[in-house]
Each structure stands twice: as C-alpha cells, then as structure tokens.
Amino acid sequence: MMFREAKLVALALFHTFLLAICAANGNQICRPSSCGEIQNISNPFRLKGDPSGCGDPDYELVCENNRAMVSGREGEKYYVADINYDHYTIRVVDPGVEKGNCLSTPLYFLTREISDYYGIYYLERTGMTSTAVLMNCDQPISDGSCIPITPCNATSSSSQAYVYALVGGESMEVGDIKYSCTISKTIITQFLKPGNLSMSDLQEMLLLGLELSFLSFRCKSECRVKGLECDVNYGSHTVQCYKRMSNLTWFFLYIRYILGVDLFIECKAY
C-alpha cells in the first residue's frame, strides 16, 4: 500500500516537473479568445488579459462593451469587424460611424495614422480605396457627381445650408473641387465607383470599414528572425524572404556598372 502511494506521489511530482519545463520553454497551450462577434482570436492576435506567452503584444486587441477593438498609433481605437487569417487582413470600422437616416462621419482619418508600409498594419490604397470629400456650400449644386448629404451633427442654426460629398479615386487634390465650397472632412472608404451614388451608398461603405494587412507579422516571424530581408506582395497576400547583399557586393556591382563590364562581356560574346 505504501509503495502504491509513493508511486502516485512520484508520478505527481514528475507531472509537475514536466509542466514547469513546458512553462519555462514557453510551450504553454494558447487557446483562442473571443469578444462579441469576433471569435477565434489567435496568433498573432491576442486579447488583453491573455497569458503573456500567447500572441504578439504588438497585435493586442481589447474587448470593450463586448466589441473587439484595435488601437492606432495615436491611441485612437477602431472596431474590429473581421479577421482573415488566410489573407492576413483585419477589417476595422471607425467608432464614429453609425447606421441611420443621416450620415455620421468617422472620428478619425484612417490612412497613415494606423498603417504604414513598414508598420504592423498597412492600408493598400491603390485601386482598393476611394476618397470622399465632404463640402459645406452656400449655394445648391446641380452636378450629379456631388452627393447631397444630411449630416447627423447638423443644427437648425447651422450657417451651411448645403452639404455634399464628392467621391474620387484613392487620392484627391484641392484642384479637383470646382466649387466655392469649404472642405469639412476627407474620408477614406473601400472602393466606390463614382457616378449615381447616394448617401446610403457612402454610409454602407463606411459601415463596412477598411481592410488592413498584417503581413508584416509574417516578415517578422519568417524572415527577420533568420536575419533575412522581406519582400511583401499585398496583392497576392504573400511574403518572400531574401538575403541582403553586403555593402561590398553592392560596391562591386556598382563598379561593374560604371566600367561597363557586363556590356563588354556581352559584346565579346557576339
């Protein structure tokens, strides 16, 4: 009997020892987290309060009022609408946008404030986004390209009686606006084809949010940990690791280019 109890104690101690080794090596089990409609929050993302070894701290989300939120560079927060782990994209929505009979405008100007080509998130704008300019005008505009807007923050005492939105490509210049109006806000949305648009169309795009890529995590976890450089293709959602050439290699390539060595070899071949 005593031998059996001693055996059980030894097994318990051995199990505790194995758990301690796993914890020391960071081999803990990280279960997916959830917050509201966002389920299966997993690596590289983590929810605030998850075990320290789970997920990447750079991709920490917070759960507020049962909604997952991601923070920008300046402390601004956006609702998380969806995470696509296959394409490495996260879709975020400005908290100032609400559905209704009026247009609620974003609290933040979502471009480089949260995203950067070399940052943890990147907003691919070329061919993927549109720019909408909100204008306050003293006179009505009959141009069909201008969308009549009923802003949610309008007051009866407002001096600007006419509000319009002008939708363009991924970027717009002041010269693109041909009216004597005051620009109140610039909004970035998913791609909207200009022409025959309504306030509802603009509002729908704002509620849909914007997709940010987190492919930079793959660069960090697959390339840079090995001392390699990383080339990102946001169109195909892929990364490619490559070895950076040394300064000496660059120098010899430059010398060959200056001296025309490659051209000389090519001529001799003929």
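1. Strand S8 covers residues 129–137 and strand S10 residues 162–168; the two run antiparallel and are joined by seven bridges. Strands here are DSSP runs (E, at least two residues), numbered from the N terminus, while helices are H or I runs of at least four. Two strands count as paired if DSSP finds at least two bridges between them.

2. This is a predicted model: local features need pLDDT of at least 70, side-chain atom pairs count only at pLDDT 80 or more, and totals for chains, interfaces and linings use all residues. Residues are numbered from 1 along each chain as its sequence is written, and side-chain values use heavy atoms, with hydrogens and water left out.

3. S8 also pairs with strand S11 (residues 181–190), in the antiparallel sense and over nine bridges. Ala132 has Ile187 of S11 as its bridge partner.

4. Nine of the nine residues of S8 are buried, where buried means under 20% relative accessible area, exposed over 50% and partly exposed in between (1.4 Å probe, protein chains only). Thr129, Thr131, Val133, Met135 and Cys137 point one way, and Ser130, Ala132, Leu134 and Asn136 the other way.

5. An open sheet of six strands has the order S3-S4-S5-S6-S7-S12, with mixed pairing. Its edge strands, S3 (46–47) and S12, each pair on one side only. Within the sheet, S4 (residues 60–64) and S5 (residues 67–71) are antiparallel over three bridges, and Val62 stands opposite Met69 in S5.

6. The largest nonpolar core has 30 residues; Phe45, Leu61, Val80, Ile83, Ile90, Tyr121 and Phe214 have the most contacts inside it. A nonpolar core is a set of buried Ala, Val, Leu, Ile, Met, Phe, Trp, Tyr and Cys residues joined through side-chain atoms within 4.5 Å. Elements that each supply at least two residues of this core include S5, strand S6 (77–84), strand S7 (89–93) and helix H3 (216–223). Another core, of 16 residues, lies apart from it, with Val97, Val163, Val167 and Leu197 among them.

7. Leaving out residues up to four places away in sequence, Val80 touches Ile38, Leu61, Ala68, Met69, Val70, Ile90 and Arg91; contact means heavy atoms within 4.5 Å.

8. Strand S12 (residues 210–213) gives four residues to the lining of the second largest pocket, the most of any contributor. That lining divides into six nonpolar, seven polar and two charged residues. Asp, Glu, Lys and Arg count as charged, Ala, Val, Leu, Ile, Met, Phe, Trp, Tyr, Cys and Pro as nonpolar, and the others, Gly among them, as polar.
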